Amino acid sequence: MRARYALPLALLLPVLLGGARDPILVTEVSQHEVDLQQGFTGTELLLFGAILTPEGARAAQDYDIVVTLKGPTQSVILREKQKMAGIWINAASIELRSAPSYYAIASTRPIADIVDDKTAAIYELGLKWLQLSPIGAIDPEEQARFAAGLVARNEANGLYREEEGGVKVNEQVLYQARIGLPSSVPIGTYTAETFAISKGRVVASASSTVEVRKQGMERAIAHFSDDYGLLYGLLAVAVSVAMGWLAGRLFARD
């Protein structure tokens with residue numbers, strides 16, 4: 001009797017497992033290169049794609065989608081000012097070695113409704129879960145205070161942003177999200193990541209890159225300052241002195 005059903009069960013098992021397999025993400029970005037030219041006032045990137053089965057058919061299941069766009073990480077020194085005897089002085093300070101120069105996240109729903117805190121921390125899903133990596137030993141409460149200050153400052157400058165409900169999913173297969181880049185966006189290689197999440201678990205992810213670069217005169221000046229830092233500094237001082245002297249002469253004539 002067992003031998004009679006062994007072959008049918010063996011043939012049926014891959015089908016049953018195949019039906020439960022995780023989906024795949026096909027992702028794309030509207031621009032893989034952003035050129036910062038004179039007069040650049042910012043732009044908007046469209047992150048879009050599809051949720052498919054491993055065979056390439058529509059997944060036809062409700063998934064939450066979270067997209068993130070992260071700029072190059074950098075080391076940042078934060079100083080806390082304190083007023084003593086009517087004078088503002090630098091008090092405590094902290095150095096964070098992996099602060100993203102830009103970070104944006106958009107999701108179908110609030111992150112807290114999609115994943116638990118542990119998963120959010122692992123994938124850095126949200127501003128409160130950024131892994132900023134302080135240098136040296138520091139009190140956790142003090143670290144949290146400095147991190148909150150950095151996030152608040154960058155949010156005010158448009159460099160950090162969260163958009164709950166910013167991802168739209170159509171017909172359980174197509175998704176899209178729009179993420180704005182301000183005029184002050186730093187140059188470098190940006191990473192766009194998309195996560196498909198079901199029942200609190202990341203079941204699929206995909207990533208692509210976006211190059212933000214300077215063009216024209218701005219690019220030439222940036223390269224010159226990087227390659228010849230000392231000479232660039234001397235020239236900047238010389239130009240400032242010359243402009244001050246010229247302004248003084250013009251006003252003296254009046």
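Which residue in β10 does E44 stand opposite? E44 stands opposite G180 in β10, and the sections below place this pair within the sheet to which it belongs.

## The model and its overall make-up

This is a predicted model, in which local features need pLDDT of at least 70 and side-chain atom pairs count only at pLDDT 80 or more, while totals for chains, interfaces and linings use all residues. Residues are numbered from 1 along each chain as its sequence is written, and side-chain values use heavy atoms, with hydrogens and water left out.

The chain holds six helices and twelve strands, where helices (H or I, at least four residues) and strands (E, at least two) are DSSP runs numbered from the N terminus. Of its 254 residues, 33% count as buried; buried means under 20% relative accessible area, exposed means over 50%, and partly exposed lies in between, with a 1.4 Å probe and protein chains only. The chain exposes about 15,800 Å², of which carbon and sulfur atoms supply 55%, and such areas come from the Shrake-Rupley method with a 1.4 Å probe, where for residues only the protein chains shown count as cover. Among contacts (heavy atoms within 4.5 Å) between residues at least 6 apart in sequence, 69% join residues at least 24 apart.

## The four-strand sheet

An open sheet of four strands has the order β1-β3-β10-β9, with antiparallel pairing; two strands are said to pair if DSSP finds at least two bridges between them. The edge strands are β1 and β9 (167–170), each of which pairs on one side only. From one strand to the next the twist averages 20 degrees, based on axes that are lines fitted to C-alpha atoms (for helices over the stretch in contact), with angles that run from 0 to 180 degrees between N-to-C directions.

Strand β3 (residues 43–52) has seven of its ten residues buried, so it is largely enclosed by the rest of the structure. Strand β1 (residues 24–29) pairs with β3 in the antiparallel sense over six bridges; here V29 stands opposite L47, and the bridge partner of L25 is I51. Eight bridges join β3 to strand β10 (residues 174–181), again antiparallel, and besides E44 and G180 they include T43, whose bridge partner in β10 is L181. Strand β10 is also joined to β9 by four antiparallel bridges, with Q176 as the bridge partner of K168. The hairpin of β9 and β10 has three residues between the strands, and in this hairpin E171 takes a positive phi near 55 degrees.

## The six-strand sheet

Six strands form an open sheet in the order β2-β12-β11-β4-β7-β8, and the pairing is mixed. Its edge strands are β2 (33–36) and β8 (160–164), each pairing on one side only, and the twist averages 15 degrees from one strand to the next. Within this sheet, β11 and β12 pair in the antiparallel sense over eleven bridges, and T194 stands opposite A206 in β12.

## Aromatic pairs

Rings of Phe, Tyr and Trp (its six-membered ring) pair if their centres lie within 6.5 Å; planes under 30 degrees apart count as stacked, over 60 as edge-to-face and the rest as tilted. By this rule the count comes to two aromatic pairs. Y102 and Y190 form a tilted pair, 5.8 Å centre to centre and with 50 degrees between the planes. Y102 lies in the loop between β6 (87–100) and β7 (103–107) and Y190 in strand β11 (residues 188–198), so the pair ties together parts that are 88 residues apart in sequence. Y102 counts as buried at 0% relative accessibility, and Y190 also counts as buried at 0%.

Y123 and F195 form an edge-to-face pair, 5.4 Å centre to centre and with 70 degrees between the planes. Since Y123 lies in helix α3 (residues 117–123) and F195 in strand β11, this pair ties together parts that are 72 residues apart in sequence. Y123 is partly exposed, with a relative accessible area of 33%, whereas F195 counts as buried at 3% relative accessibility.

## The nonpolar core

A nonpolar core is a set of buried Ala, Val, Leu, Ile, Met, Phe, Trp, Tyr and Cys residues joined through side-chain atoms within 4.5 Å. Of the 55 residues in the largest nonpolar core, V67, L125 and Y160 touch the most other members, and strand β12 (residues 201–214) gives the most to this core, with six residues. Not counting residues up to four places away in sequence, L125 touches several residues, including V66, Y103, I105, F195 and I197.
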